[in-house]
Amino acid sequence: MPSQETPKPVTIRNAKPEDNNHIVPLIHSSGPLAWNFVFQEGNLTAFDFLNTAYPKKGNTVSYTNHFVAEKEGQVVGSILQYTQPSFLFLTIGTALQILLLYKWKAPKVMARGLKTETVIQPPKSKCLYLGHIAVLESHRNQGIAKQLIEFMILKNPGYKTIALDVSAENPSAIGLYQKLGFVIKETRHPKGWEGKIPSHYYMEKEV
């Protein structure tokens with residue numbers, strides 16, 4: 001009988017600036033319609049913004065807020081954490097990055113960002129918020145997203161409420177979160193700009 005090779009474990013670590021080329025596509029894949037709706041302006045795309053903001057500190061998409069799953073030396077998954085009140089300061093940093101990149105067109109981008117926040121809202125007080133949960137397509141269905149979420153919960157034992165948002169059009173992710181104990185608390189619909197991004201479920205888990 002041929003021996004079966006034992007799968008190599010996934011390593012979860014802090015993201016680094018040099019992960020940029022690997023993690024930015026993952027971050028974008030966590031909500032492509034929302035990213036494109038907010039940050040597509042003229043010749044500039046969501047990828048231009050993410051590639052600009054990710055390597056810098058003090059903004060909502062900074063590497064300092066992210067963790068990656070690494071397998072056999074390859075970045076295969078991403079996740080971030082937000083809490084209050086630090087999120088408010090990070091939002092100011094994000095606005096600055098938008099101003100620097102989009103210049104006089106920045107108000108349009110910010111206005112779309114505010115619209116999106118009616119569906120994907122800032123984290124609540126005393127709550128650990130998880131986002132940008134994504135796994136490389138070639139490595140899905142291997143339990144990597146589950147490991148990322150469980151890692152973040154264990155890393156933050158002071159928080160009893162864990163929250164996340166998920167597209168209502170992503171049944172596989174919804175099913176995973178429900179298996180992990182997350183419960184749908186609210187359904188948020190875009191109002192007046194339907195079709196731009198999907199409705200989202202806000203989910204919480206008590207630990």
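## Salt bridges, helix contact and backbone features

At a relative accessibility of 13%, E204 counts as buried, because the cut-off for that class is under 20%. The model described here is predicted. E204 pairs with K124 in a salt bridge whose closest N and O atoms are 3.7 Å apart. K124 sits in the loop between α5 (106-116) and β4 (128-135) and E204 in strand β7 (residues 200-206), so this pair ties together parts that are 80 residues apart in sequence.

Side chains of opposite charge can pair when their charged atoms come close. The structure holds seven salt bridges. Three of them are listed here.

| Salt bridge | N to O distance |
|---|---|
| D19 and R13 | 2.9 Å |
| E70 and R13 | 3.1 Å |
| K124 and E204 | 3.7 Å |

Is D19 buried or exposed? D19 has 5% relative accessibility and therefore counts as buried. R13 is also buried, at a relative accessible area of 17%.

The axes of helix α1 (residues 20-29) and helix α2 (residues 32-39) come within 6 Å and cross at roughly 100 degrees. Because angles of 65 to 115 degrees count as roughly perpendicular, α1 is roughly perpendicular to α2. On α1 the contact is made by I27, H28 and S29, and on α2 by P32, W35 and N36.

The backbone has some features to note. A cis peptide bond joins Q84 and P85, with omega at about 5 degrees. P85 is placed in the loop between β3 (74-82) and α4. Which residues other than glycine have a positive phi? K103 has a positive phi of about 55 degrees although it is not a glycine, and H132, also a residue other than glycine, has a phi near 50 degrees. Their surroundings can be given in turn. K103 is in the loop between α4 and α5, and its 56% relative accessibility makes K103 exposed, because exposed means over 50%. H132 lies in strand β4 and is buried, with 14% relative accessibility.

The surface also carries a nonpolar patch. L88, F89 and I92 make this patch, with an area of about 360 Å². I92 is located in helix α4 (residues 86-102). With 59% relative accessibility, I92 counts as exposed.

Methods:
Residues are numbered from 1 along each chain as its sequence is written. This is a predicted model: local features need pLDDT of at least 70, side-chain atom pairs count only at pLDDT 80 or more; totals for chains, interfaces and linings use all residues. Side-chain values use heavy atoms; hydrogens and water are left out. Patches are made of residues with over 30% relative accessible area and no salt bridge: like charges are joined within 9 Å, nonpolar side chains (Val, Leu, Ile, Met, Phe, Trp, Tyr) within 5 Å. Accessible areas come from the Shrake-Rupley method with a 1.4 Å probe; for residues, only the protein chains shown count as cover. A salt bridge is a side-chain nitrogen of Lys or Arg within 4 Å of a carboxyl oxygen of Asp or Glu. Helices (H or I, at least four residues) and strands (E, at least two) are DSSP runs, numbered from the N terminus. Buried means under 20% relative accessible area, exposed over 50%, partly exposed in between (1.4 Å probe, protein chains only). Axes are lines fitted to C-alpha atoms, for helices over the stretch in contact, and angles run from 0 to 180 degrees between N-to-C directions. Angles under 35 degrees count as roughly parallel, over 145 as roughly antiparallel, 65 to 115 as roughly perpendicular and the rest as oblique. Contact means heavy atoms within 4.5 Å.
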